[in-house]
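These are my notebook entries on one protein structure. I record what I looked up, entry by entry.

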Amino acid sequence: MKVLQPTLAKVPWILTALALVVGVFLDLIAPEPYTGLPLLAAAPLVAGATLSFRSALAVVCVTCVVSVAVDIERERPATPLFVDLAVVGLIGVLALGVNLLMVRQGRDLALARDVAEAVQRAVLPDPPREVGPLDVAAGYTAAHAEARIGGDFFAVQETPFGVRVIIGDVRGKGMAAVAAVSVAIGAFRQEAEYDPTLITLAERMDEALAREAARGGPVISTEGFTTALLAEVSADGEVLSLVNRGHPPPYLVHDGRCTRLDPTAPQLPLGVGLGDLTPAGSAVPVDVVRLPPGASLLLVTDGVTEARDSRGTFYDPVFSGRLRRRFKDPEALVDALTKDVGRWTEGEHEDDMAILVVTRRRRPHHAV
């Protein structure tokens, strides 16, 4: 990549010089009334669209001089000479105008990207590296560099009931998705401190998203949903509780093994407004597993589970040999998974990809 970048930077100059040289050559050898003026005039256009303003201006001036010199060499009358010069000059002015417009649009786009990134960071700040008995790491990969705002979100919070974790995915992109993310994150942070169970926490978040959707007007249930996975780790780090609302299941990574933690019963996403899928009168299931010392809970969005290779095969962390090893910290696991998905898709991401890892420390930190 380092070798290709300087070469690619020279391409605009090569195209400009090629148009100029070929235009002069055709102008000199072409029989009357044919000339190489079209290619000669293409040089300022290429320069205006690909080079800096100063470089494009220099190319326009050189092209005008060359046009006059060729006409004099061919001993053309004054009228064709001035017509050729006018054509090249007019195209050069248009090319410089295009250059200024592209620079302005580039600045506006850069500003929009910076604002979008600032909004994203404000709504979705990086989680703390240490919470209770857990070490934490997260990663976010946008599907397109131009679109830094997505609907994936995560949060980690220490509460009176243990460390609570959420990862989710709002349907849609852009500012509308960010608005829904802000509601989901806000509801989680507020209710996680007071709701005694993950079930009530999920219900409160469901109500908050439904209220927000109602304020925005009539919303079709299948268009305004949020998948979410709620997790709770006990204060001692021993017990892990999970409630899955239509989200890809998490994975338990421990001692070189990666195990998918599928939910006991499927649940609808948040914000659908149809309740859950469990039989009438039965309780929503909470899946409880043991979290051994050194084990990591890996939470992902569908940007990971729906990543495809060139044959259309979905990526599956369980069968990835690169995850079947011991990781020194959660950052190493996030990095390994991100690189593995990139290799699987050959760098082509069709959806945003959020990764959150919480690892139970082998030895708890003791207060001094």
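I begin with a definition: two residues are in contact when heavy atoms of theirs lie within 4.5 Å. With this in hand I looked up methionine 205, which touches Ile166, Ala184, Ala187, Phe188, Leu230 and Leu270, when residues up to four places away in sequence are not counted.

**Entry: the model**

I note that this is a predicted model, in which local features need pLDDT of at least 70 and side-chain atom pairs count only at pLDDT 80 or more, while totals for chains, interfaces and linings use all residues. Residues are numbered from 1 along each chain as its sequence is written, and side-chain values use heavy atoms, with hydrogens and water left out.

**Entry: the whole chain**

I looked up the elements and found eight helices and eleven strands in the protein chain. Both are DSSP runs numbered from the N terminus, helices being H or I with at least four residues and strands being E with at least two.

I then looked up burial, for which buried means under 20% relative accessible area, exposed over 50%, and partly exposed in between (1.4 Å probe, protein chains only). The protein chain has 368 residues, and 44% of them count as buried. Among the contacts in the protein chain with a separation of 6 or more, 69% are between residues 24 or more positions apart.

**Entry: the cores**

Which residues have the most contacts inside the largest nonpolar core? I found Met205 and Leu230, in a core of 48 residues. The largest share of this core, eight residues, comes from helix 5 (residues 174–191). Apart from this core lies another, of 20 residues, including Cys258, Ala307, Leu333 and Leu337. A nonpolar core here is a set of buried Ala, Val, Leu, Ile, Met, Phe, Trp, Tyr and Cys residues joined through side-chain atoms within 4.5 Å.

**Entry: helix 2 against helix 3**

I looked up how helix 2 (residues 37–50) packs on helix 3 (residues 53–73): the angle is about 165° and the axes are 8 Å apart. The axes are lines fitted to C-alpha atoms, for helices over the stretch in contact, and angles run from 0 to 180 degrees between N-to-C directions. Helix 2 and helix 3 are therefore roughly antiparallel to each other, the term for angles over 145 degrees.

Leu37, Leu40, Ala43, Pro44, Ala47 and Gly48 in helix 2 are in contact with Ala56, Val59, Val60, Thr63, Val66 and Ser67 in helix 3. I sorted the residues of this contact into nine nonpolar, three polar and no charged. In this sorting Ala, Val, Leu, Ile, Met, Phe, Trp, Tyr, Cys and Pro count as nonpolar, Asp, Glu, Lys and Arg as charged, and the others, Gly among them, as polar.

**Entry: two leucines**

Is leucine 37 buried or exposed? I found leucine 37, in helix 2, to be buried, with a relative accessible area of 12%. Leucine 37 touches Ser67, Asp84, Val87 and Val88, leaving out residues up to four places away in sequence.

Leucine 28 is found in helix 1 (residues 4–29) and counts as partly exposed, at 40% relative accessibility. Its C-alpha atom is 7.1 Å from that of arginine 74, although leucine 28 and arginine 74 are 46 residues apart in sequence. Leucine 28 touches Val70, Glu73 and Arg74, again without residues up to four places away in sequence.

**Entry: residues in strands and a loop**

Glycine 162 lies in strand 4 (residues 162–170) and counts as buried at 5% relative accessibility. I looked up alanine 235, 73 residues apart from glycine 162 along the chain, and found their C-alpha atoms separated by 4.8 Å. Beyond its neighbours within four places in sequence, glycine 162 is in contact with Gln157, Val233 and Ala235.

Serine 296 lies in strand 10 (residues 296–300) and is buried, with a relative accessible area of 8%. Not counting residues up to four places away in sequence, serine 296 touches Tyr251, Leu252, Val253, Leu333, Val357, Val358 and Thr359.

Where does aspartate 255 lie? I found aspartate 255 in the loop between strand 7 (251–254) and strand 8 (257–260). Phi of aspartate 255 is near 55°, a positive value in a residue other than glycine. Aspartate 255 is partly exposed, with a relative accessible area of 34%.

Note on methods. Parallel < 35°, antiparallel > 145°, perpendicular 65-115°, else oblique.
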